[in-house]
Amino acid sequence: MVRGSVTLGLIAATGVLSLGAITPEQRSMLDAFDQVLTGMVYAAAGLAVFAIVWAGFVLMAEGVEGRETGRARAAVFLALGGLVLVLSAKIVSRVLINGIVPIP
């Protein structure tokens, strides 16, 4: 039973992968888009590191035991959230380039 389900899943995955044939024009556009996203990932990583370091300075200035640590925590969460957002865009572009999801 399990073996049949795995085989059926592999056949379905192969069918999805074969649907993802893209033209050379689409490939060049997706490659350019991927290069832009790569630059954005590097910039977001640098900004996230800067924001986390800045949050550390804010935390030291306000004191760990003070009630005003919300700004530092918010800065860390926003920096990590922005980094996750940019990385997810990069993942979507790689999925499109590899043909896993067909382009309509």
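Aspartate 34 forms a salt bridge with lysine 90, and the closest N and O atoms of the two are 2.8 Å apart; a salt bridge here is a side-chain nitrogen of Lys or Arg within 4 Å of a carboxyl oxygen of Asp or Glu. Because aspartate 34 lies in helix 2 and lysine 90 in helix 3, the pair ties together parts that are 56 residues apart in sequence. Helices (H or I, at least four residues) and strands (E, at least two) are DSSP runs, numbered from the N terminus.

The model is predicted, so local features need pLDDT of at least 70 and side-chain atom pairs count only at pLDDT 80 or more, while totals for chains, interfaces and linings use all residues. Residues are numbered from 1 along each chain as its sequence is written, and side-chain values use heavy atoms, with hydrogens and water left out.

**The chain as a whole**

The protein chain holds 3 helices and 0 strands, and its elements run α-α-α from the N terminus on. Of its 104 residues, 16% count as buried, where buried means under 20% relative accessible area, exposed over 50%, and partly exposed in between (1.4 Å probe, protein chains only). Among the contacts with a separation of 6 or more, 72% are between residues 24 or more positions apart, a contact being heavy atoms within 4.5 Å.

**Helix 2 and its surface**

Helix 2 covers residues 24–62, and its end C-alpha atoms are 56 Å apart, which agrees with the 57 Å that its 39 residues should span at 1.5 Å a residue; the expected span is 1.5 Å times one less than the number of residues. Several of its residues are buried, including Leu30, Asp34, Leu37 and Val41, and what covers the buried residues of this helix includes helix 3. Just after helix 2, glycine 63 takes a positive phi of about 90 degrees.

A nonpolar patch on the surface is formed by Val49, Phe50, Val53, Trp54, Phe57 and Met60, with about 700 Å² of accessible area together. Patches are made of residues with over 30% relative accessible area and no salt bridge, like charges being joined within 9 Å and nonpolar side chains (Val, Leu, Ile, Met, Phe, Trp, Tyr) within 5 Å. Valine 53, a residue of helix 2, is partly exposed with a relative accessible area of 43%.

**The charged network**

The salt bridges come to 2 by this rule.

| Salt bridge | N to O distance |
|---|---|
| Aspartate 34 and lysine 90 | 2.8 Å |
| Arginine 94 and aspartate 34 | 3.0 Å |

Arginine 94 lies in helix 3 and aspartate 34 in helix 2, so their pair ties together parts that are 60 residues apart in sequence. Salt bridges that share partners join Asp34, Lys90 and Arg94 into one network. Aspartate 34 is buried at a relative accessible area of 9%, lysine 90 is buried at 18%, and arginine 94 counts as partly exposed at 33%. Leaving aside its neighbours within four places in sequence, lysine 90 is in contact with Asp34, Leu37, Thr38 and Val41.

Arginine 73 is placed in helix 3, which covers residues 70–97, and is exposed, with a relative accessible area of 54%.

Key
Accessible areas come from the Shrake-Rupley method with a 1.4 Å probe; for residues, only the protein chains shown count as cover.
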